[in-house]
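Hi everyone, thanks for coming. Let me walk you through a structure that may be new to you, a few spots at a time.

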Amino acid sequence: MSDLELQVDVLVIGGGTAGCVAAIKAKEALPEGSVLLLEKANVKRSGAIAFGMDGVNNAVIPGHATPEQYVREITLANDGIVPQRAILAYAQQSFGMIQELEAWGVKFQKTAAGDYDVKKVHPKGSYVLPMPEGYDIKKILTRVLRRTGVKTENRIMATRVLVHEGRAVGALGFNVRTGGFVVIRAKAVILCCGSCGRLGLPASGYLMGTYENPSNAGDGYAMAYHAGAELTNIECFQINPLIKDYNGPACAYVSGPYGGHTVNAKGHRFMLSDYWSGQMMLEFYKELNGPNGPVFLKMNHLAPETVTEIEQILHATERPSRGRFHAGRGVHYGEKPVEMAVSEIGLCSGHSASGVWVNEFGETTVPGLYAAGDMASVPHGYMLGAFTFGKISAGSAVAYVADKGHAPADTALAAQIEAERTRVLAPLSRPDGIQPHLVEYKLRRRVNDYLQPPKASYRIEQGLAYFEQAREDLEQIGAAHPHDLMRAQECSFIRDCAEMAARASLYRTESRWGLYHYRQDFPERDDANWFVHVNVKKGQDGAMSLFKRPVEPYVVPIEEAEQEFYRNLRIRETVPLGQEPSAAAPEPALA
């Protein structure tokens, strides 16, 4: 017998922004049905915005931008390898989501005239909408969950999707406090588990000192893979500019609209736009490691009241520790530029393009299985994308279960459950085995050593050999208590994601997305052979299979003249006003 066995209509795994909205909208559509939200932490403070968020990065608001303009922007930022129909679905429904969030109590910044106070950071459009009281957002979502009647189970970690005859029919896992095994049978499953933030190792060496929420260890990526779903663009890593020695973003989204920007050590701005893209990160990396490095976020040219406003946003909502960090080092934005660095690598479609393959309805390639948020394949979704596709996925799942029953409890299902129980609980039988944090450190150190861009085949192959061998380490992990058991399972998820990242990086023999997939042995983009998605799935033999999936015909055409915009972000070096102009400086080479 299991310690806990539940049966529901719709199961949502992950209690961040996507998961909360998915559960709310599913329950609203199924007032007489059962919807369960599963979270390995606590929904009050879980997910990538566990404390809050200072704004949305991609608000498509009438009068400021059109859905078609947004689709064009994201297509260009991702070198054309995008599912445009899914992006358009987001763009068309995101404003309605903003209005619904306002009805729940979320406050967005308005102008004196009452219009949305939209800011510009993207090269061509205006999409950034501040949230002055964004620290309340998870409290608001939790309140709506309760009011709607969603059943929530905290402290339960899902480890596998339960599959019967090729269809998702529930999930398996355990309680991270008691160690009790959990079986949940469902008619449909929505994965909202966030990014794989614990893939690379941050410069600090701290396992939990990551740019992304450290709770996100690739759980959803691995569960989708083992359920037989396709994943896409896993070679397109997430890499971000951050404040040096601090595991947080540089926040060009906040400072940029107020006049802040990135400069090199000479004080020269070297990029046209600080909007996140692989090409922006490539220029950043070149400057950081070239003769004009390091790189800084410059705000000391702004008016004191403007600097104070930026500080109030950055130090009060998303990462309150940031203000304390700067204070400890005697750094003030109004006095001198702040040194920046490059984050560790991760997998996150919300910030780049690597995720579980979904269409415009949130459907994965496994019937009954849906995905939303940072782990789904809609690029550059960010928080508002998580909200919107949580809603879209819920609508699709509810329609799917209308004529579906629960899978029969036959011998095949029983064998699957028992096999997972044995696998998951095995570390408890060897309490003196290898400690999980030692295995995790070694895994992520190898990710840095062999997968961190710029990439090359020999390094990737060396890393892949280690990730294969690491299966043996997983068989020797010990757990003295349920918390260790959770860390042991996270090691398994990280290893799966590392193997997928290595194999996909080897498979795509070109360079694309700027720094995200820069191959030193194939430094040029090759549209003739590689204008495709690289997808990965678990084969019938249990091995990892990679293949090309064509890019779907565009629904928003891209002009030929626009296609190279992001590859021309660099600003040639200039000299201070009043001095004689010099010849343009050569572009730094990639180390």
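Let's start with a question: where is the place of F531? F531 sits in the loop between α15 (527-530) and β16 (532-538). When I say helix or strand, I mean DSSP runs, numbered from the N terminus: H or I of at least four residues for helices, E of at least two for strands.

A word on what you are looking at: this is a predicted model, where local features need pLDDT of at least 70, side-chain atom pairs count only at pLDDT 80 or more, and totals for chains, interfaces and linings use all residues. Residues are numbered from 1 along each chain as its sequence is written, and side-chain values use heavy atoms, with hydrogens and water left out.

Back to F531. With 32% relative accessibility, F531 counts as partly exposed; buried is under 20% relative accessible area, exposed is over 50%, and partly exposed is in between, using a 1.4 Å probe and protein chains only. Leaving aside neighbours within four places in sequence, F531 is in contact with residues including D79, R512 and Y554, where contact means heavy atoms within 4.5 Å.

Next, helix α4, residues 137-148. Among the buried residues of α4 are I137, L141 and V144. The buried residues of this helix pack against α1 (17-29), β2 (35-39), α3 (84-104) and α10 (382-401). Just after α4, G149 has a positive phi of about 95 degrees.

Now to a sheet. Four strands make an open, antiparallel sheet in the order β10-β13-β12-β11; two strands pair if DSSP finds at least two bridges between them. β10 (241-243) and β11 (261-264) are at the edges with a single partner strand each, so one side of each has no neighbour in the sheet. Three bridges join β10 to β13 (residues 338-342), and L242 has A341 as its bridge partner in β13.

Finally, which cysteine has the sulfur closest to that of C497? That is C196, at 3.9 Å, which is too far for a bond, because a disulfide is a pair of cysteine sulfur atoms within 2.5 Å. By this rule the count is zero disulfides. For C491, the nearest cysteine sulfur, again that of C196, is 11 Å away. C491 is buried at 0% relative accessibility, and C497 is buried with a relative accessible area of 0%.
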